[in-house]
Amino acid sequence: MPDAAPLSPATIVVSAGRPARTQAGPVNPPIVLSSTYVSQGAVPDGELFYARADTETWHPFEETLGALEGSAHPAVLFGSGMAAIAAALSLLPPGGRVVVPRHAYNVTVAHAHDLATRTGAQVTVVDVADTEAVVAAVRGDGPDGDGSPAAMLWVESPTNPMLEVADVPALVEAAHAVGALVAVDNTFATPLGQQPLALGADVVVHSVTKYLAGHSDVVLGAALSDDPALHAALRRYRTLHGAIAGPTEAWLALRGVRTLALRVERSQANAAELARRLAEHPGVAQVRHPSLPDDPGHARAAAQMRGFGSILGVRPHGGVDAADALVAAVRLWVPATSLGGVESSLERRRRFPLETASVPEDLLRLSVGVEDVEDLWRDLDQALRAATGVTG
Ligand SMILES: *Cc1c(COP(=O)(O)O)cnc(C)c1O
């Protein structure tokens, strides 16, 4: 093939990470189950010798995700999203300050606070949608700042579960102006919705468990950086801490990512349609989805994302009891945590003690899947009516 235009992401998910084309060779990479490799003497850089350090079954997924994020390097696969996030947070220098969104994934926020207790790191919590406040916190002239700049800015956009949208380019610019690293959790947007490295971020992390793998059958994570030193540091952290992926899980993630573009296209269309209908439902007090024209994150998401994602925040009339009743009344939607699978699921987030107190008690997080939208709507509508007592 002549050197043509760069491939579209919808093609990359299908074509990247394939074995070399050889007559009678397989079209899919094998799963190699081996903890060690034949090896003696000096080990040249990149040669396999022990499967905690590197193993070939990771590579096709790592290359595919690297290409999707437009990264100069392959992704670094980890045994969970949190393992990847721990690796990214380890880039914070000793005693350094990290600025974290108050509604970032709750375990990320807990991990940052844990670092503060154990290592003397400092944590400043911000509303990531409030650009002025984030910029002030990064510079160190926020309400509790002492004038010294942060060493790292953590960004999640849209946030889990509040769906706030950050002005990523503006935040990256402010952070880089004071020499702070920027890490972006791109789990909700997926690389098809947003490429943080292209927006200037230094590190990107994913819970591969969610959309990338897409079938609620594996727990995996990944971290990426364009910077050779940061990329090497992420790999070194993985080898030293050992939170690695099993070969079978890595293979399943590659299998899942092949349909990412189709799944994201369908689930986003479903989510936008359900958001529109929910906003008019008499049993609903509030809906959040960046696709809604009056959503506070709409303009920003439209400017910096492709699509609006497929997570909805819904508060039914009737408070916590109605929210719990709704979860109990659905038949097709699965009551479960996690998100990004082919199946639609929902949960009340504050049932977890770790969930941030500023997340409303009655907020339901809906992960919209790829089922027929009319079936999803009928089930939600009947559950909303049963839970809130509205008729008509
Ligand atoms: C689930 C999730 C994580 C954690 O990933 P695991 O694979 O569960 O360790 C991190 N960030 C976001 C936004 C998530 O939704």
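Which strands does helix α5 lie across, and at about what angle does the helix run to β2? Helix α5 (residues 131-139) lies across β2 (97-101), β3 and β4 (152-156), running at about 165° to β2. This is a predicted model, where local features need pLDDT of at least 70, side-chain atom pairs count only at pLDDT 80 or more, and totals for chains, interfaces and linings use all residues. Residues are numbered from 1 along each chain as its sequence is written, and side-chain values use heavy atoms, with hydrogens and water left out.

**Terms for the folds**
- Helices (H or I, at least four residues) and strands (E, at least two) are DSSP runs, numbered from the N terminus.
- Two strands pair if DSSP finds at least two bridges between them.
- Contact means heavy atoms within 4.5 Å.
- Axes are lines fitted to C-alpha atoms, for helices over the stretch in contact, and angles run from 0 to 180 degrees between N-to-C directions.

**Seven-stranded sheet**
- This open sheet has the order β1-β7-β6-β5-β4-β2-β3, and its pairing is mixed.
- β1 (76-78) and β3 (122-126) are at the edges with a single partner strand each, so one side of each has no neighbour in the sheet.
- From one strand to the next, the twist averages 20°.
- β6 (residues 203-207) and β7 (residues 221-224) run antiparallel and are joined by four bridges.
- In β7, G221 stands opposite S207.
- Helix α8 (residues 228-241) packs on the sheet and touches β1, β5 (181-185), β6 and β7. The direction of α8 makes about 25° with that of β1.

**Five-stranded sheet**
- A second open sheet is ordered β8-β9-β12-β11-β10, again with mixed pairing.
- Its edge strands, β8 (284-288) and β10 (334-335), each pair on one side only.
- Four bridges link β8 to β9 (residues 311-316) in the antiparallel sense.
- R315 in β9 stands opposite Q286.
- Helix α12 (residues 319-329) packs here, touching β9, β10, β11 (345-348) and β12 (364-367). Its direction makes about 155° with that of β11.

**Ligand site**
- Around the ligand are 15 residues (a heavy atom within 4 Å of it); M82, D185, S207, T209 and K210 come nearest.
- Helix α3 (residues 81-89) gives the largest share of this shell, three residues.
- Ligand oxygen atoms make polar contacts (N or O pairs within 3.5 Å): one is 2.9 Å from a polar backbone atom of G81, and a polar side-chain atom of N160 lies 3.1 Å from an oxygen.
- The protein buries 92% of the 380 Å² that the ligand exposes when taken alone (Shrake-Rupley method, 1.4 Å probe).

Terms used:
A polar contact is a pair of N or O atoms within 3.5 Å; within protein, one must be able to donate a hydrogen and the other to accept it, and residues adjacent in sequence count only if both atoms are side-chain atoms.
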